[in-house]
Amino acid sequence: MSLETPEQTSVSPEPLPAEFCTHPGPDPYAGYAEVRSGCPVRPIEYPPNSEAYVIADYETVSKGFADRRLSKSVDHAPGWFREALEQSSPILIKNMLTADPPKHTRLRKLVGNAFVPRRMNELRPRIQEITDDLIDALPDEGVADLYNDFALQLPMRVICEFLGVRIEDWPLLHDWGMVLSNAPYLDDEGNRRLKQVSDDVEKYLLDLMAERRADLREDLVSVILKTADADEAYSDEEIVSTLILLIIAGHKTTANLVGNGMQALLRHPDQFELLKSEPDLVATAIEEFLRFEGPVYRAPQRFAAEDLELCGQRIGKESVVHLLINSANHDPEVFEEPEKLDITRKPNRHLSFGVNVHFCPGAPLSRVEGAVAFTTLLRRLPGLSLAVAPEDLPWRFDNSASRGLEKLPIRYDRKLPR
Ligand code: HEM
C-alpha cells in the first residue's frame with residue numbers, strides 16, 4: 001500500500017484508503033511509520049462518505065484520549081452511524097464506553113472496584129487451574145491451534161465464571177459478541193442480523209438478572225445488581241449494556257494478548273529462551289507483548305463534537321476519529337528500537353489500555369491471565385514452536401478494533417504434568 005506524504009499540512013492530503021485500517025495486511029507497521037513520518041493526522045475513507053481521520057503518533061494519540069472535543073457519544077456521530085445503532089442495537093450504546101463525563105462517571109461506577117489488582121490476584125489460583133485444564137485437553141500428538149483451543153478459551157471461561165454466566169452458553173455469547181463488535185453495518189442484511197442478536201442477548205441477560213435478583217450470589221452480575229439497585233440511578237437497559245460490554249471486552253482482547261504475544265515470542269527465539277530461563281520476567285514481557293502487537297489496534301472511535309484542528313489538520317464536526325494505538329506504540333520518539341521485541345523493556349509507556357477516564361478497567365485481570373498463561377505454557381510444553389511459516393499466520397481483518405489471529409498452529413514435543 002503506497003501512502004503519499006503531504007507536501008504541507010495546510011492542504012488536506014488525499015484520504016488513506018479504508019483498507020489502511022480494515023485490511024492492513026500481515027505487517028501494518030510499515031504503513032503506520034509512513035503516516036507518522038508525514039502529518040500524523042490524516043484523512044481516511046470511511047464508507048459511506050463520512051469525514052474520518054486517523055492519528056498515528058504517540059503524542060497526539062495520548063492527548064487525543066483526554067481531549068473532551070473528541071466525544072465517545074453517538075450523539076456526535078455522523079447521522080447514518082447514529083441511526084443504524086439507534087434502530088438496530090440501542091442496547092449497545094447505553095454503557096460507559098459510549099458515554100462522556102458526567103454520564104460516563106455514573107455508568108463506570110457500576111464496575112467500581114470489581115477489577116482492582118488485589119481482587120484479580122485472588123482469582124489467580126482459579127485462573128491457574130483453568131489454564132492447566134486447557135493444557136491437559138490439548139492433543140498429546142503435539143500439534144494444536146493455540147488460539148482457538150487455548151487463548152480464546154481461557155479468558156472466556158474466566159469472564160463467564162467471574163460474571164456468573166453459564167459456561168455452556170459461551171459459544172453463543174462468543175458468536176453474539178462477534179456480530180456486536182462489528183456494528184454498525186453498511187448493509188440492511190447486516191443491520192437486520194445485528195437487531196436479531198441484540199434482541200437475543202438482551203433477553204438472555206434480562207433472564208439472568210431476574211435469576212440473580214431472586215438469589216444474589218458473589219459473582220459480578222450480583223455485585224453489579226447490588227450496586228445498581230441500591231442506587232436506583234440505573235435502568236435495566238444500562239445494566240444489560242454494561243454486561244454486554246464486559247462480555248465483549250473481556251475475552252477477545254485477552255485472547256489476542258495471548259495469541260499475538262505467543263506468535264511474537266515464537267518468532268524471536270532469543271526472547272523465547274530468555275523468558276523460559278527467567279520466568280520472573282513475565283510481567284515486563286506481558287507489557288512488551290501489549291506494546292509490540294497490541295490486541296486493540298485502535299481505540300474505539302471518537303466523534304468530533306465541534307470543528308477543530310489537530311497538528312494543522314482541520315477536522316469537521318461529527319468526523320470519526322481513530323486513535324491508532326498500535327502505531328503510537330511503535331513511535332521511535334518514545335520507544336527505543338520500536339520494531340525490536342525486548343521482553344525486558346522498561347519503562348514501557350504503551351497505550352494499549354488507553355489513557356484517562358476510559359482507561360481499561362479490565363487491565364489487571366488481563367495482566368494476571370497473561371502472566372499465568374505464558375508461564376504455564378512455556379513450562380509445560382517443551383519444544384514449543386510455530387507449526388507454519390510466520391508469513392502464513394492468518395490474521396483476522398474485520399471492521400472491529402481488534403488485532404488478532406484466526407488461528408495459531410503450534411507444535412510441541414510433549415506435555416509435562418501440571
Ligand atoms: C489485553 C486485554 C485488553 C485490552 C488491550 C483492552 C483495551 C481497552 C481499550 C483500548 C479500551 C478503550 C479505552 C478508550 O476508549 O479510551 C478499553 C476499555 C474497556 N475495557 Fe478493556 N482491554 C482489555 C481487556 C479487558 C477485560 C478483560 C475487560 C473486562 C473483563 C475489559 C473491560 C473494558 C471496559 C469495561 C472498558 C470501557 C471503559 C470505559 O469506557 O470507561 N477490558 N479496553
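The shell around the ligand divides into 18 nonpolar, 8 polar and 3 charged residues. Keep in mind that this is a predicted model.

I'll start with the ligand. There are 29 residues around it, and H104, R108, R302, H358 and C360 come nearest. Which helices each supply at least two residues of that shell? Those are α5, residues 103–108, and α13, residues 236–266. The largest share comes from α13, with 7 residues.

H104 has a polar side-chain atom 2.7 Å from an oxygen atom of the ligand. For R108, a polar side-chain atom lies 2.8 Å from a ligand oxygen. K72 also places a polar side-chain atom 2.8 Å from an oxygen atom of the ligand. Of these residues, H104 and R108 are also among those that come nearest to the ligand.

Next, a helix pair. Helix α9 covers residues 153–163 and helix α10 covers residues 170–181. They pack at an angle of about 105°, and their axes are 11 Å apart. Angles of 65 to 115 degrees count as roughly perpendicular, so α9 is roughly perpendicular to α10.

Which residues make that contact? From α9 they are Q153, M156, R157 and C160. From α10 they are W170, L173 and H174. By type, the residues of this contact divide into 4 nonpolar, 2 polar and 1 charged.

Terms used. Residues are numbered from 1 along each chain as its sequence is written. This is a predicted model: local features need pLDDT of at least 70, side-chain atom pairs count only at pLDDT 80 or more; totals for chains, interfaces and linings use all residues. Side-chain values use heavy atoms; hydrogens and water are left out. A residue is near a molecule or strand if one of its heavy atoms lies within 4 Å of it. A polar contact is a pair of N or O atoms within 3.5 Å; within protein, one must be able to donate a hydrogen and the other to accept it, and residues adjacent in sequence count only if both atoms are side-chain atoms. Helices (H or I, at least four residues) and strands (E, at least two) are DSSP runs, numbered from the N terminus. Ala, Val, Leu, Ile, Met, Phe, Trp, Tyr, Cys and Pro count as nonpolar, Asp, Glu, Lys and Arg as charged, and the others, Gly among them, as polar. Axes are lines fitted to C-alpha atoms, for helices over the stretch in contact, and angles run from 0 to 180 degrees between N-to-C directions. Angles under 35 degrees count as roughly parallel, over 145 as roughly antiparallel, 65 to 115 as roughly perpendicular and the rest as oblique. Contact means heavy atoms within 4.5 Å.
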